[in-house]
Amino acid sequence: MKQPGWQSLLSFSILFLACLAGFSSRLFAVIRFESIIHEFDPWFNYRSTHHLTTNGFYEFLNWFDERAWYPLGRIVGGTVYPGLMVTAGLIHYVLNLLHITVHIRDVCVFLAPVFSGLTAISTFLLTRELWNQGAGLLAACFIAIVPGYISRSVAGSFDNEGIAIFALQFTYYLWVKSVKTGSVFWTIGCCLSYFYMVSAWGGYVFIINLIPLHVFVLLLMQRYSRRVYIAYSTFYIVGLVLSMQIPFVGFQPIRTSEHMAAAGVFALLQAYAFLQYLKDRLTRQEFQTLFFLGVSLAAGMVFLTVIYLTYTGLYVRLLTCYAKIHIPIIASVSEHQPTTWVSFFFDLHILVCTFPAGLWFCIKNINDERVFVALYAISAVYFAGVMVRLMLTLTPVVCMLSAVAFSSVFEHYMGDDTKREKPPEKAEEGLGPNIKSIVTMLMLMLLMMFAVHCTWVTSNAYSSPSVVLASYNHDGTRNILDDFREAYYWLRQNTDEHARVMSWWDYGYQIAGMANRTTLVDNNTWNNSHIALVGKAMSSNESAAYQIMRSLDVDYVLIIFGGVIGYSGDDINKFLWMVRIAEGEHPKDIRESDYFTPQGEFRVDKAGSPTLLNCLMYKMSYYRFGEMQVRRGALTPPGFDRTRNAEIGNKDIKFKHLEEAFTSEHWLVRIYKVKKLDNREPLDHKLRSVVPKQKYTSKKVPLMLGGEFALQVWRDSFRFS
Amino acid sequence: SSVLTLLSEKVTQMMEWASKRSVIRMNGDKFRRFVKAPPRNYSVLIMFTALQPQRQCGVCRQADEEFQVLANSWRYSSAFTNKVFFASVDFDEGSDVFQMLNMNSAPTFLHFPSKGKPRKSDTYELQVRGFAAEQLARWVADRTDVQIRIIRPPNYAGPLLLGFLLAAIGGLAYLRRHNLEFLFNKSVWAFSALCFVLIMTSGQMWNHIRGPPYAHKNPSTGQVSYIHGSSQAQFVAETHIVLLFNAAVTMGMVLLCEAATSDMDIGKRKIMCVAGIGLVMLFFSWLLSIFRAKYHGYPYR
């Protein structure tokens, strides 16, 4: 089997199978439900892509969205990473050009699985550069099915990370290639790939810090060579210019602290190269070492000063491991929490145990590229430990290093000793075929367990569209709760096109995407005061809330209520966050302590705080719920909230300024219409002046006035009767 | 007249006590004379606590520390006047006060305003707000219109440790300045990188940020459990166990490769090989079983 033809055929077919495996294991949600965009953020991306395909590229780049964040609007062109939309739009354009008419929604849904196949290929290329072809193939297979990557790239999850990981791996491959060969061709390719990465994801900061760190460590290890110099100098300049072309990034690469490391290393590299040049010309070596030390010290101090001066931003917070964040909005997102070991094991299974072994092998057989992967592993594992969401950046390097470890083991234990190119001198030198085959079998068993685990995790944990809920009965039949889409389609078909919908910011993107209505706040959360206004409206009583809603021109209010089916992600459970955010901006009007009982409990039954029982959110959630008999057993009283396990306290709810417009089948989504101001404010009994019932016309007053006066009298007397 | 002299005497006495310690310790008698009885033109913030060891009130001790920080910040602040005093009443010294105020839980923070009777908001909602000095200061500002800036005594432990570490490294480098070979030893670097990676993947950052207990002792059965029951949290003991298991699997893989490539004699290599594969399988299966214990519903052994 020595002909190269067989080898490349085998590699090709393995890679093809890996791509296929990756694609198909991401299709669980599509098969169980249908091809639909999942979650919240992808709906915004889908809407932007739709806008791009209907209106063209320049319209998209200059788009000002007046249907979000009413009345402020949002500059979409300048606040979004366009890579994802442009990729999907381009694929759609090319397919339609070839007369394969595919709807943009299908392109968006299946984009992530297709790119996962491309990620597998680029991981193969990268690992082949680092170690050998066998390790590359193993790495491709690992990354195709590993849950840590699948979680953000299932079919339907149309989000930046789906294409960003491919761009990351490809950029790293091209960088390693350019350091190895020192040619400008590969470096320019790396810059173009970096440009694509900058357009795709905010995580490009990782690249622009890892590559300078790599160069810096190479300098420290005295591995400087002309190749490194050519590669980094070209990469920094061209990459900088290209990255500033994205409107969202703008001038950040020369202003913010996250990019200063790259500049510092660039300056240092120029100084070092100059010194090397001098060294070839002059012979004063001791003087040079001192000079070099001085230069590196100066560069290090400049670097530290810059970091200290711009001590801000999420990036530096990560560096100093402050995960406790003071802005309530960021604290309320569950993805920004630190990671337990269970999350590591859940997402990576056996790879998390074996990748340190791969790291060991890499460092023991060090060369320029393996320095890079070692640094990548160490920095990625730190960030993944601090924030759950960054587990995604750890996954590729874990796959690569475990592949290195497994490949080393298999290389030595698989196959027959006598058929090798260099058979051992004596027959006793080898370990014996028995032990070898046992070891090989056990390793293969481990890998099979890994594959089974990945499939189970993908199927159970990461394949829910979260727009459609499914529950399973005792006999296994499926119960689908399609309330969200039902409500959004009702909004789409039964309200005026320019109606404005107020809801909590979680649902903004979905309302804009599926119902196509103007929203007040959405998942972008860029304006905390606006969100605080909405929170204040939800937590105040009806009259105060009505004033806020009139000032914001709200037509409809949408809330999520889970008390009928026991859905725990509803707005009453999120209510305390609304209060906290509102209290942050309006501390005199809203106090969190008002919504608790004197003992400090949050209760919705009779013992609950009166402020809570009369606030707008409570009334909207439990309107007419007091008469509802929930299907749980004959003994549950009407008005029993299944999520809070309590009978509600305020059953007789009446609205003055709102009226119920729509409640979905399982009461999950409730929509209320905000009534316009009355023509005349009806006065209370006490304030009305009693007018005698006789008609009274003064001869001095024109009949018109008397007539009107009589009309008034008639009206008042009619009211009294 | 006599009322005014009585008032000024009381204020002077309170100031004298406050100058000795920022939190005035009161028994029932002092409480009745200086807080309950008129005339009074100052307001008093009192912590009712039970600090005796036999009361076993851990919360009281922590709240006492925070209250001390608050009172000290007030005493050394520029806005210090004789209108606000901080005091504490211990249950064992003034149980009659507890009875008089119908109080049955500790710690409790009450504000006795200079004018009028204490209202509902003069009781600090400990359950809701916690006992951090900053929260207490906000409540004090709300009740008395006096802003206290919390100044905590600077914690020198961190910078001191860093300084010590740098000195140790500097000393080591100086001592071995002619023999810096150990910097080039790949095994040292590989080992330290490995340690760092293993520490991170066992969840030490989570421990550092959330501060969980080492292990949990079930109060009714007395059984100590090192593994947390749910997958959302972990104990420190648990992370150490996981660290050990990960390290064992890694070592197993390394041993396997060493066994195949090294030039020791065949017997030793066979032992290494068996040990390697044994380590990998055994510790990985234990890791799986811990994972299954935490993640209910996981179907694979």
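Student: Which residue meets Arg389(A) in a salt bridge?
Tutor: Happy to start there, with the note that this is a predicted model, where local features need pLDDT of at least 70, side-chain atom pairs count only at pLDDT 80 or more, and totals for chains, interfaces and linings use all residues. Residues are numbered from 1 along each chain as its sequence is written, chains are lettered from A and ligands numbered from 1 in the order in which they are written, and side-chain values use heavy atoms, leaving out hydrogens and water. A salt bridge here is a side-chain nitrogen of Lys or Arg within 4 Å of a carboxyl oxygen of Asp or Glu. At 2.9 Å, N to O, the partner of Arg389(A) is Glu161(A).

Student: How many residues apart in sequence are the parts that this pair ties together?
Tutor: Helices (H or I, at least four residues) and strands (E, at least two) are DSSP runs, numbered from the N terminus. Arg389(A) sits in the loop between α19 and α20 of chain A and Glu161(A) in helix α9 (residues 160–181) of chain A, so the parts tied together are apart in sequence by 228 residues.

Student: How many salt bridges are there between chain A and chain B?
Tutor: Over all chains, a search of the whole structure finds 32 salt bridges. Between chain A and chain B, however, the count is zero.

Student: What area is buried between chain A and chain B?
Tutor: Contact (heavy atoms within 4.5 Å) takes in 55 residues from chain A and 58 residues from chain B. Buried area is the accessible area (1.4 Å probe) that two parts lose on being put together, summed over both. Carbon and sulfur atoms give 80% of the total, which is about 5,200 Å².

Student: Are α17(A) and α21(A) roughly parallel or roughly perpendicular to each other?
Tutor: Their axes, lines fitted to C-alpha atoms over the stretch in contact, with angles from 0 to 180 degrees between N-to-C directions, come within 8 Å and cross at roughly 110°. Angles under 35 degrees count as roughly parallel, over 145 as roughly antiparallel, 65 to 115 as roughly perpendicular and the rest as oblique. The two helices are therefore roughly perpendicular.

Student: Which residues in α17(A) meet α21(A)?
Tutor: On the α21(A) side are Phe450(A), His453(A), Trp456(A), Val457(A) and Ala461(A). Facing them from α17(A) are Phe345(A), Phe346(A) and Leu348(A).

Student: Is the peptide bond from Tyr70(A) to Pro71(A) cis or trans?
Tutor: Pro71(A) lies in the loop between β1 (64–65) and β2 (74–75) of chain A. With omega near 0°, the bond is cis.
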